[in-house]
Amino acid sequence: MFLVIVFLGCLAHCCFGQQKPNNVCPTFQDYYTIRNNSRCWYDFSAEFDTPTVIKLNGYPVIEYRVPTIDGFILGMFRIPSKNPDAWKHPIYLQHGLASTCDYFVGIQRNSLAFVLADAGFDVWLGNYRGTRYSQRHQNLTVFDQIYWDHSMDDIVAYDYPALFSTILSNTDPNGKIVYIGHSLGTTLGLMYAAEYSDIVKSTMHMLILMSPAYTLANMKAPYRLAAPFGSAIMNIARELEIFRLVSQEEILRNGVRLICLESPPLMQFCMQLYNLFYGPNTQFTADLIPTYFNHLPGGTALKVLNHAADLVLGNFRKYNYVEDNYKYYGSLTPPIYDVKKIPIPVQIYYSTQDWATTEPVSLEKFTMFTEERPHVSDIR
């Protein structure tokens, strides 16, 4: 025990014994004098990965390496409840497109994962294949082109069964999973619940969707203009064999950090590009930008991006192989994911100012199976 205490003391001294340099400021103007500016401070969320951020916020964390039947090894983190009388239903948090579970721990104690943990819940943070924490494979590496040959269908068919099985085997046998997804995480949740309704009925308690992305036909963001060219882009990437260059998070994240954190004008420029997708009224303050670009982009397959582009074209279906659809599905068009088959309650939360997942889509497409006035207390 004495040696453990000494080790922890040394670790704390190494990490915090010396004053860490400032890395965040409250305004863009303050970043010009960040080193000696008393208005700026050090935020470890802008430097470390998810398990470290969880620990430094004072929470326990358990890391799981989850194998899928097709060889991928997924990273999942758990914040076990400190409450011995914790509610029996575990909560699973699913990030969105080109993101990771970092999204749920980035604003320290105000982060969703910590708010839920403080409320006594058993919190699980998932990462689907190809993202920062789920890039291992039994036989392949991220340098293999075939590694990136997966769409949302593969996440639904292979990743989710493995992740959910791990959660259920390590929690109350009478409990069911509460699924909370953001953006593309809502898409994946809906696809899974529609495709495997019998399993979902016995293993999941409800779906809670933030910025729900069913179809995105009414998207206001100008990026929607690229959606019709998804298949053409895929063909070019396949011919040039550049799947890894446009998918692997390390390459993308280092490039983004180099550009977007170089100077206040570049920080503002990057945020303007961000706002073109989500809308001009995003409440994204200057002090959050280093944290945001420390964690994002988290990597994803170009094929997943193309599948997401199909949502913008008004489709909620399996991956579109165009001329090869008959080979894969026995039909000229991909089968749809029928949300009418979802057997559990669904609650949605959206912003009327969101340019990506707009209000008309949310109301129009979800009223068939959502509760009209959702309350967080209902999940108990």
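Colleague: How many bridges join β2 to strand β5, and which way do they run?
Modeller: This is a predicted model. In it, 2 bridges join β2 to β5 (residues 136–137), and the strands run antiparallel.

Colleague: Which residue is the bridge partner of F72 in β5?
Modeller: H137 is the partner of F72.

Colleague: What about β2 and strand β4? How many bridges there?
Modeller: β4 covers residues 123–126 and pairs with β2 over 3 bridges, in the antiparallel sense.

Colleague: What do β1 and β2 form, and how many residues lie between them?
Modeller: They form a hairpin with 4 residues between the strands. G71 sits in the turn and has a positive phi of about 100 degrees.

Colleague: Why is β2 described as largely enclosed by the rest of the structure?
Modeller: Because 7 of its 8 residues (72–79) are buried. Buried here means under 20% relative accessible area.

Colleague: Switching to helices. At what angle do α5 and α11 cross?
Modeller: Roughly 80 degrees, and their axes come within 12 Å. So α5 is roughly perpendicular to α11.

Colleague: Which residues make the contact?
Modeller: From α5 (residues 184–195), L184, T187 and M191. From α11 (residues 302–312), V304, H307, A308 and L311.

Colleague: How do those divide into nonpolar, polar and charged?
Modeller: The contact of α5 with α11 has 5 nonpolar residues, 2 polar and no charged.

Definitions and conventions:
Residues numbered from 1 in each chain as written. Predicted model: local features only at pLDDT ≥ 70, side-chain atom pairs only at ≥ 80, totals over all residues. Heavy atoms only, no water. Buried < 20%, exposed > 50% of the residue type's maximum accessible area, 1.4 Å probe, protein only. Pairing = 2+ DSSP bridges. Axes fitted to C-alpha atoms, helices over the stretch in contact; angles between N-to-C directions. Parallel < 35°, antiparallel > 145°, perpendicular 65-115°, else oblique. Contact = heavy atoms within 4.5 Å. Nonpolar A, V, L, I, M, F, W, Y, C, P; charged D, E, K, R; others polar.
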